[in-house]
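Me: I have a chain open here and want to go through it with you. Can we settle what a contact is before anything else?

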Amino acid sequence: MYWCPECNVPLVASTCGCKTPGYEIPLTKPYDVRPALEHDRNVIKKYLNDRFGIETIPKILLLNKSGGIDRTDTIIANGVIFSRLTFDPLLREYTIELTPDALPFVIEEVSKGIVDITDEVAEKGNRHMGGKNVPCTTDVTDGPVIVHANGRYGTGWLRNNVVKVKSLGRPRPIEMPDPDREQVIRCNKPHLKNLERHAIRFIKTEKDLRPECNVAFSGGKDSTVVRELARKAGVTDCYYVDTGLEFPETAAFVESLGIPLILHGPDFQEGLRKNGLPTKDDRWCCEYLKLEPVRQWRETRGECTTIQGNRWYESFARAGLPGVAVNPYYSGQLNLSPIRSWRALEVFLYIWWRELPLNPLYEQGFERVGCWMCPAMLESEYEVTRELHPEKISEWEKIIGRYAKKEHISDAAMKCGWWRWKSPPPKMVSLMKERGIQISTKRSVNTQKPMKIKNKR
Ligand code: SF4
Ligand SMILES: [Zn+2]
């Protein structure tokens, strides 16, 4: 990913629409950078304000997922790695940490969360402070802080009256243009046109490999894009599988689009009785609720090509997905993946450029759209679901409560999302130990390796 220093916009290709060469932004895996939408922006604004007194944030912020227990996003703004946002599944709160590179853009607005270590630095001499643990007296609560020492500023982390200094320097305030979405689209338009042309050509070349061609529409952003590309390539047949566990927002969105065929999954409660809770490492629900209804439908209709929105950058499981592949669940279906190499940012830019309707759940705080109780959901998304649909969550919590009782899992562990795994990963086990949470009321901790995940929600 690149950034135009002239326009102050993110670029998906190395040169801006204004012809200025962009500079590269270093990203961490899985590199699926996406724009911050309304709910993300509200969270970022609130936490920057609560912690540091910062009131203004740039119109364009990008998020890049990085490894963590729950939601952990690196925030990119003004062409720098700006901050890090993490959600704590136990405290049900976010923490926002600024990077040293963000200071020139915010230092004039920072009014809180400052720890002064002038005296401590004077005592130790004016040496390099990066990485040092400095004892201090302050009213600031533990967490990320701005460190100040005699006119110099930096970032650090405060814990029990000791601040770990990450940097200390003299950030010079920088003013940058504050472009909006339209400007970002303009700067990226040549690349978006290319992406569109290639994808349409791909669909036209491959769609007739089988007698029928259709689009698998999920209600999500990726299938919104492939539905449009398919339409431009002359394919209008489209189906959607209603699992019976759809968000009302998704159901209304699908209805508003007039999707011609809606298949229905079988009774979830029946599956629940047979298979127990679906989990991240045992998503039987995908096969049961989504794949099987499609297989049954296709058995009555015969072979087809199906255009789907799967992308390499979505998950490690999808990295390397070929453009054309036989559906592993039903060989009569040949899957075409025209946007397999697109990133989430390209998907959103395309949706904005072509003014395609978008499922409202994205602006409401969901990174991915699936069933409302999906085990693959982040705890931060689960909290949004609780706000949007408290009655659904209270029903679901009765179900997982029964499961917890049967399996002797403590309430505190369940509250952190322990039910989401059959074999919880080591990072989850460590979190429980670190916070002193009893996992099982009877059994010892299951330390087995997690099962291989077959399907992504
Ligand atoms: S979206 Fe989640 S809950 Fe729904 S079928 Fe897929 S894995 Fe299961
Ligand atoms: Zn530019």
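Reply: Two residues are in contact if their C-beta atoms, placed from the backbone, lie within 7 Å. One thing to keep in mind is that this is a predicted model.

Me: Fine. Leaving aside neighbours within four places in sequence, what is Ile-25 in contact with?

Reply: Once those neighbours are left aside, Ile-25 contacts Met-1, Tyr-2, Trp-3 and Ile-76.

Me: And where is Ile-25 found?

Reply: Ile-25 lies in the loop between β3 (23-24) and β4 (34-35).

Me: Now phi. What is the value for Asn-8?

Reply: Asn-8 has a positive phi, near 60°, and is not a glycine. Lys-19 is another non-glycine residue with a positive phi, about 80°.

Me: Is Asn-8 buried or exposed? And Lys-19, buried or exposed?

Reply: Asn-8 is buried, because 20 other C-beta atoms lie within 10 Å. Lys-19 has 9 other C-beta atoms within 10 Å, so Lys-19 is exposed. Asn-8 sits in the loop between β1 (2-4) and β2 (9-11), and Lys-19 in the loop between β2 and β3.

Me: Sheets next. In what order do the strands of the open sheet come?

Reply: The order is β4-β5-β6-β7-β8, 5 strands with antiparallel pairing. The edges are β4 and β8 (93-98), each of which pairs on one side only.

Me: Which strands does helix α1 touch when it packs on the sheet?

Reply: Helix α1 (residues 38-52) touches β5, β6, β7 and β8, and its direction makes about 70° with that of β8.

Me: How many bridges join β5 to β6?

Reply: There are 4 bridges between strand β5 (residues 62-65) and strand β6 (residues 72-77), and the two run antiparallel. Leu-63 has Ile-75 in β6 as its bridge partner.

Me: Jumping to α10, which of its residues are buried?

Reply: In helix α10 (residues 379-388) the buried residues are Ser-380, Glu-381, Tyr-382 and Thr-385. Their cover includes β7 (80-88) and α11 (390-407).

Me: Zoom out. How many helices and strands does the protein chain have?

Reply: The chain has 13 helices and 19 strands. Of its 457 residues, 37% count as buried.

Me: What radius of gyration does the protein chain have?

Reply: The radius of gyration is 24 Å, which agrees with a compact globule of 457 residues, because such a globule would come out near 23 Å. The C-alpha trace spans about 80 × 65 × 35 Å along the principal axes.

Me: Last one: what does the domain assignment give?

Reply: The assignment gives domain 1 (110-170) and domain 2 (181-371). Their centres, taken over C-alpha atoms, are 49 Å apart.

Note on methods
Residues numbered from 1 in each chain as written. Chains lettered and ligands numbered in written order. Predicted model: local features only at pLDDT ≥ 70, side-chain atom pairs only at ≥ 80, totals over all residues. Buried ≥ 20, exposed ≤ 12 C-beta atoms within 10 Å, placed from the backbone. Rg over C-alpha atoms; globule rule 2.2 N^0.38 Å. Domains from an automatic or database assignment. Pairing = 2+ DSSP bridges. Axes fitted to C-alpha atoms, helices over the stretch in contact; angles between N-to-C directions.
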